[in-house]
Amino acid sequence: MNLVECARTLVPDLASRARATEAARRVPAETGAAYRSTGIMRALQPRRFGGAQLPFSVFSEIVETLAQGCASSAWIYAVLGEHQWIIACMPDKAQIDMWGDTPEAVASSSLAPRNSGVPTSGGWRLTGDFPFSSGCDHAQWAILGARAEDAAGNKPTRYMLVPMSEIEIVDDWHVLGLRGTGSKTLRLRDVF
C-alpha cells in the first residue's frame with residue numbers, strides 16, 4: 001500500500017476524533033501514533049535516515065486526504081511532515097543530531113524571527129518566546145527563526161534546531177479555528 005492509500009485508511013478515525021481534537025486543543029496521541037505506524041510522517045524524510053524521500057506532490061496529496069477527516073490533524077501532519085524536508089536541507093550535523101539516534105523524531109517550529117540569537121563560542125544563545133508552534137506537543141525538536149549576528153555585525157535570519165527538552169511549552173492556544181493544532185508558544189531561557 002502506498003502512503004496516500006495509508007492516509008486514506010486513517011480518514012474515518014480522524015473524523016471520529018475531530019470534535020475531541022478541537023475540544024482538547026491538540027491532536028491526540030492516537031493520531032500521532034497512527035501517523036508513525038503507517039509511515040506517512042516520514043514521507044519527505046531522506047532515505048538515509050529511513051524515510052521515503054517522496055516528491056512533494058505526494059506529500060501534498062497525503063495532506064489533502066487527511067483533511068477529509070480532520071482539518072487540525074491534517075494541519076499538524078503538514079507542519080511536522082514538511083519540517084522533515086526543511087531539516088533535510090540543513091547541514092549534516094543537524095540532521096544527525098535530530099535523526100541519528102531517533103529516526104522518527106519530528107520538529108515543530110516558530111519561524112518568524114521575533115528574537116535575536118546572541119553569538120557565543122560554537123553557536124548562539126536564545127532567550128524569548130516563539131509563538132504559534134503547531135504540533136509542539138508531539139515534537140522532539142523545534143526549528144526557531146532568530147536574527148543572529150554574524151562576524152560582520154549583520155543580523156540575518158537563521159533557523160536554529162533546538163531540542164524540546166530545552167524548551168518550555170506555554171499553553172496559550174485559545175482560538176476559534178483550528179483549535180486542535182495546539183499551536184502554543186515555546187519559551188527559551190538562555191538556551192545554546
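**Surface, fold and one residue**

Modeller: The protein chain exposes about 9300 Å², and carbon and sulfur atoms supply 54% of that area. Accessible areas come from the Shrake-Rupley method with a 1.4 Å probe, and for residues only the protein chains shown count as cover. This is a predicted model: local features need pLDDT of at least 70, side-chain atom pairs count only at pLDDT 80 or more, and totals for chains, interfaces and linings use all residues. Residues are numbered from 1 along each chain as its sequence is written, and side-chain values use heavy atoms, with hydrogens and water left out.

Biologist: How many helices and strands are there in the protein chain?
Modeller: Five helices and six strands, where helices (H or I, at least four residues) and strands (E, at least two) are DSSP runs, numbered from the N terminus.

Biologist: What is the strand order in the sheet?
Modeller: The open sheet runs β4-β3-β1-β2-β6-β5, with mixed pairing. Two strands pair if DSSP finds at least two bridges between them. The edge strands, β4 (157–163) and β5 (168–170), each pair on one side only.

Biologist: New topic. Is Ser 134 buried or exposed?
Modeller: Ser 134 counts as buried because its relative accessibility is 7%; buried means under 20% relative accessible area, exposed over 50%, partly exposed in between.

Biologist: Where is Ser 134 found?
Modeller: In the loop between β2 (123–133) and β3 (141–148).

Biologist: And what does Ser 134 touch?
Modeller: Not counting residues up to four places away in sequence, its contacts (heavy atoms within 4.5 Å) include Trp 75, Ser 108 and Thr 181.

How values were computed
Buried < 20%, exposed > 50% of the residue type's maximum accessible area, 1.4 Å probe, protein only.
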